Amino acid sequence: MSVWQIFFLSAVLLNTTKLADDNNQPLEFRCDSMELMSNPNKTICRGNVIARKGSWMVCCDKFIGNADNKWQWGSFVCKKNVRVSRVFETAWADKATYSMEQTKLVLEGQPMLERGANLLLGKRIIIDFVRDSASINSPRGVMKDSEAIKDDFEKTSPIDISGPLPAKCPIKPRPNFKL
């Protein structure tokens, strides 16, 4: 078995939350200010934006929710200082776009993904919540061996996603890492 296979198998085995069930969860959010628009139906949140859907959370400076004519959100975009956390995985980017129908989060603008002690960079990172997978365009990064990954997963505790939304983003800032 390759190091890559062990890495992703470890992530799946240590993931005790049913991520596929996130699609059935509501999208909760909070922010400092909000603007509602019609034609097209849109919600714009600014400042200290925190949103959660099941087992994952996203924080950013600006959130734009796009809704249908019944005000059901179909997608949202987060901009500036985007931080995402789910179970034992954290990601950062300048922009994140989420489709409720496809249940995929697309990270663009210097995206970075951290799993355990591994840091991966790319031009674009797509997190598929139903398949519990991430794909990275033009990947590069630093990966440790399977034992180091296992140890790092055991030392890392996920963000607490239960209870009310926190007043401030609990997701750590983007690390200073460049290749």
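This is a chat about one predicted protein model, its fold, its confidence and some of its side chains.

Biologist: What elements does the chain have, and in which order do they run?

Modeller: There are two helices and twelve strands. From the N terminus on, the order is α-β-β-β-β-β-β-β-β-β-β-β-β-α. Remember that this is a predicted model.

Biologist: Fine. What is the average pLDDT?

Modeller: The chain averages 78, and 76% of the residues score at least 70.

Biologist: Which elements have the lowest and the highest mean pLDDT?

Modeller: Helix 1, residues 3-14, has the lowest mean, 38. Strand 7, residues 104-108, has the highest, 93. Over residues 1-20 the pLDDT is below 50. That stretch still has 26 contacts in the model beyond near neighbours in sequence.

Biologist: How should I read coordinates where pLDDT is low?

Modeller: Not in detail.

Biologist: Noted. How much of the chain is buried?

Modeller: Of its 179 residues, 40% count as buried. The chain exposes about 9800 Å², and carbon and sulfur atoms supply 50% of that.

Biologist: And the contacts, what share join residues at least 24 apart?

Modeller: It is 46%, counted among contacts between residues at least 6 apart in sequence.

Biologist: Switching to salt bridges. How many are there?

Modeller: The count comes to seven. Take Glu 35 and Arg 46 as one of them: their side chains meet at 3.2 Å, N to O. Glu 35 lies in strand 2 and Arg 46 in strand 3, residues 42-53, so the pair ties together parts eleven residues apart in sequence.

Biologist: Why do you call Glu 89 buried?

Modeller: Because its relative accessibility is 4%, and buried means under 20%. Arg 86 counts as buried as well, at 3%.

Biologist: Which residues does the network join?

Modeller: I'll get to that after one more pair. Arg 124 forms a salt bridge with Glu 108, the closest N and O atoms being 3.5 Å apart. This pair links distant parts of the chain: Arg 124 is in strand 10, residues 124-128, and Glu 108 is in strand 7, 16 residues away. Arg 124 is partly exposed at 33%, and Glu 108 is partly exposed at 26%. Now the network: salt bridges that share partners join Arg 86, Glu 89, Arg 115 and Asp 132.

Biologist: New topic. Which residues form the nonpolar patch on the surface?

Modeller: Met 34, Leu 36 and Trp 71, with about 320 Å² of accessible area together.

Biologist: Where does Met 34 lie, and what is it in contact with?

Modeller: Met 34 is in strand 2, residues 33-37. Leaving aside neighbours within four places in sequence, Met 34 is in contact with Phe 29, Thr 43, Ile 44 and Cys 45. Its relative accessibility is 43%, so Met 34 counts as partly exposed.

Biologist: On to strand 6. What does Ser 99 touch?

Modeller: Ser 99 lies in strand 6, residues 89-99. Not counting residues up to four places away, Ser 99 touches Gly 74, Ser 75 and Lys 104. A polar atom of the Ser 99 side chain lies 3.1 Å from the backbone nitrogen of Gln 102. Ser 99 is buried, with a relative accessible area of 19%.

Biologist: And Thr 90, buried or exposed?

Modeller: Buried, at 12%. Thr 90 is also in strand 6. Beyond its neighbours within four places, its contacts are Val 84, Ser 85, Met 112, Leu 113, Glu 114 and Ile 171.

Biologist: Where is Ser 85 found?

Modeller: In strand 5, residues 73-86. Ser 85 counts as buried, at 4% relative accessibility. Its C-alpha atom is 8.5 Å from that of Ser 55, 30 residues apart along the chain.

Definitions and conventions: Residues are numbered from 1 along each chain as its sequence is written. This is a predicted model: local features need pLDDT of at least 70, side-chain atom pairs count only at pLDDT 80 or more; totals for chains, interfaces and linings use all residues. Side-chain values use heavy atoms; hydrogens and water are left out. Helices (H or I, at least four residues) and strands (E, at least two) are DSSP runs, numbered from the N terminus. Buried means under 20% relative accessible area, exposed over 50%, partly exposed in between (1.4 Å probe, protein chains only). A polar contact is a pair of N or O atoms within 3.5 Å; within protein, one must be able to donate a hydrogen and the other to accept it, and residues adjacent in sequence count only if both atoms are side-chain atoms. Contact means heavy atoms within 4.5 Å. Patches are made of residues with over 30% relative accessible area and no salt bridge: like charges are joined within 9 Å, nonpolar side chains (Val, Leu, Ile, Met, Phe, Trp, Tyr) within 5 Å. Accessible areas come from the Shrake-Rupley method with a 1.4 Å probe; for residues, only the protein chains shown count as cover. A salt bridge is a side-chain nitrogen of Lys or Arg within 4 Å of a carboxyl oxygen of Asp or Glu. pLDDT is the predictor's confidence in each residue, from 0 to 100.
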